[in-house]
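Q: Please guide me through the features of this chain, one at a time.

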Amino acid sequence: MNILVKDQITRDIFLASALLNGTLLIFTGIVIPKLPPVIPLLYSRPWGEEQLTPQLFALALPLSLFIFLLLNLLLGRKLSNNLSLDDSKGAKDTQQTGQKQILLILRTLSVTSLFATIVGSITLLRITLPVV
């Protein structure tokens, strides 16, 4: 069943990213009520009150990661429709090269989504755990 993308490796990476992202959203939903009214999220600003944001802003990171994952997944599905995974011997070299390039782009999209989700999860944990 090829609901997401045709390539099994790419599909598994996208699913891992989606599961981690879902866990991050649930964790954030559980932790938000325990946070103080303002939390330090804007680390690019000078130290002090300028870094503080309302606790609800803690949802911005997991939601933006979820949108990033969805955009990569939609692009991956669009590219996956052009991907033929059968290795027919009559295929031309240029066609095989194009298929390999599409597969590389698909896997790059999935790994990028997983990497962004992992980095975002670590960031959110480092921000919220000391406060809770």
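This is a predicted model: local features need pLDDT of at least 70, side-chain atom pairs count only at pLDDT 80 or more; totals for chains, interfaces and linings use all residues.

Q: What pLDDT does the chain average?
A: The predictor's confidence in each residue is given as pLDDT, from 0 to 100. The chain averages 82, and 85% of the residues score at least 70.

Q: In which order do the elements run from the N terminus?
A: Helices (H or I, at least four residues) and strands (E, at least two) are DSSP runs, numbered from the N terminus. The order here is α-β-β-α-α, with three helices and two strands in the chain.

Q: Which residues of helix 2 are buried?
A: An α-helix has 3.6 residues a turn, so residues three or four places apart point the same way. Buried means under 20% relative accessible area, exposed over 50% and partly exposed in between (1.4 Å probe, protein chains only). In helix 2, the buried residues are Pro-62, Leu-65, Leu-69, Asn-72, Leu-73, Gly-76, Leu-79 and Ser-80. They cover an arc of only 120° around the axis (taken from the directions from the helix axis to the C-beta atoms), which puts them on the same side of helix 2. On the other side of helix 2, Ile-67, Leu-71, Leu-74 and Lys-78 are exposed.

Q: Which residues form the largest nonpolar core?
A: In soluble globular proteins, nonpolar side chains tend to be buried together. A nonpolar core is a set of buried Ala, Val, Leu, Ile, Met, Phe, Trp, Tyr and Cys residues joined through side-chain atoms within 4.5 Å. The largest has eight residues: Val-5, Phe-14, Leu-69, Leu-73, Leu-79, Ile-102, Leu-106 and Leu-109. Helix 2 (60-80) and helix 3 (93-128) are the elements that give two or more residues to this core. A second, separate core of five residues includes Val-31, Leu-35, Ile-39 and Ala-58.

Q: Is Thr-117 buried or exposed?
A: Thr-117, in helix 3, is buried, with a relative accessible area of 1%. Contact means heavy atoms within 4.5 Å. Not counting residues up to four places away in sequence, Thr-117 touches Ser-17, Leu-20, Asn-21 and Leu-65.

Conventions: Residues are numbered from 1 along each chain as its sequence is written. Side-chain values use heavy atoms; hydrogens and water are left out.
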